[in-house]
Amino acid sequence: MGIQKFTVETSKKEEFIDITAEVRDALRKLKRRDAICTVFTPHTTAAITINENADPSVARDMLQGLRKMVPETGHHHAEGNSPAHIKSSIIGCSEQIPVENGDLALGTWQGIYFCEFDGPRERSVFVK
Amino acid sequence: MGIQKFTVETSKKEEFIDITAEVRDALRKLKRRDAICTVFTPHTTAAITINENADPSVARDMLQGLRKMVPETGHHHAEGNSPAHIKSSIIGCSEQIPVENGDLALGTWQGIYFCEFDGPRERSVFVK
Amino acid sequence: MGIQKFTVETSKKEEFIDITAEVRDALRKLKRRDAICTVFTPHTTAAITINENADPSVARDMLQGLRKMVPETGHHHAEGNSPAHIKSSIIGCSEQIPVENGDLALGTWQGIYFCEFDGPRERSVFVK
């Protein structure tokens, strides 16, 4: 089956980056027509999600919603980035998308997002 | 491998609908005895989850719990359905269930739910 | 492909237990070098997540963060464990990890956690 890897450069502390095109490229290289595509990030303060890619204010509202759910203060972890770890587990570090006729079976409005919660950093994404 | 698709008619703004029987039907048609079953919904204001199917008040408490976590006001997205997008990413648009001897290896109390967060609508579910 | 199963004994009401070594053992027995590893728990008041395994205060902060997000009171379910059901669906009952050269392609800081939300109990985990 093989695995494809690419990097994402984030430029902010918290950011959603649309990686749908990069995942499609990786899928083309894997030459699979009938499969499940797993998109996985090997980091504990980042995540992968699928959501609307038409209006950028959706990603902004999602980051704001998560900030309201997970307060910045009152944590024990000495590095001070516990909110980023919590958001990573809430959203999850992978997504699975059915592959049909060699393409991702995404809905009209669905895009795949890399979610940065403790940037800016260079991050990795695996596609399998 | 193939893919099976079915539709779900939701009748409320927010609703959990048990689709375990539909997923089992789809799995039978796919004739797989030893696999991973992916249940995926191609929408950005809906989700798939696995939870208790014995007492319907669990689903009601989950919808209420999510409403407390994600406030209805203060969002930018012009359509006004940002809370539905946020809940979709928190719960996630797919679930993976091991298949053993041709059946879903679900626990005694586990059922598969379609989660509507911006209905009522006709929705699609893919099983692979 | 086969499936491997093991049990986890939890000792508290809420607890994160690192099961990375047990998952690696199960993967060795499945003898797969190039695959996706699914870790699944068949319970509705528990979950599987991937997060930092270096500093134990991260797990403590995550449990505390989830308790702040999901209030203990105001639920309908007669068993009184609705918060555990809600946390189970937020975190999710499975994780998928790419397998490369026979090993889990986890990041340096990533460990696989069994999340107990309604213990202490004996719990099952499936690896496929």
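Trainee: What makes strand 4 and strand 7 of chain A a pair?
Mentor: Two strands pair if DSSP finds at least two bridges between them. Strand 4 and strand 7 (residues 110-116) of chain A are joined by seven, and they run antiparallel, so they pass that test. For instance, A:E52 has A:Q110 in strand 7 as its bridge partner.

Trainee: And what should I know about the model and numbering?
Mentor: It's a predicted model: local features need pLDDT of at least 70, side-chain atom pairs count only at pLDDT 80 or more, and totals for chains, interfaces and linings use all residues. Residues are numbered from 1 along each chain as its sequence is written, while chains are lettered from A and ligands numbered from 1 in the order in which they are written.

Trainee: Why are strand 2 and strand 4 of chain A called edge strands?
Mentor: The open sheet has three strands in the order 2-7-4, with antiparallel pairing. Strand 2 (15-18) and strand 4 (46-52) each pair on one side only.

Trainee: How many helices and strands does chain A have?
Mentor: Three helices and eight strands, counted as DSSP runs numbered from the N terminus (helices: H or I, at least four residues; strands: E, at least two).
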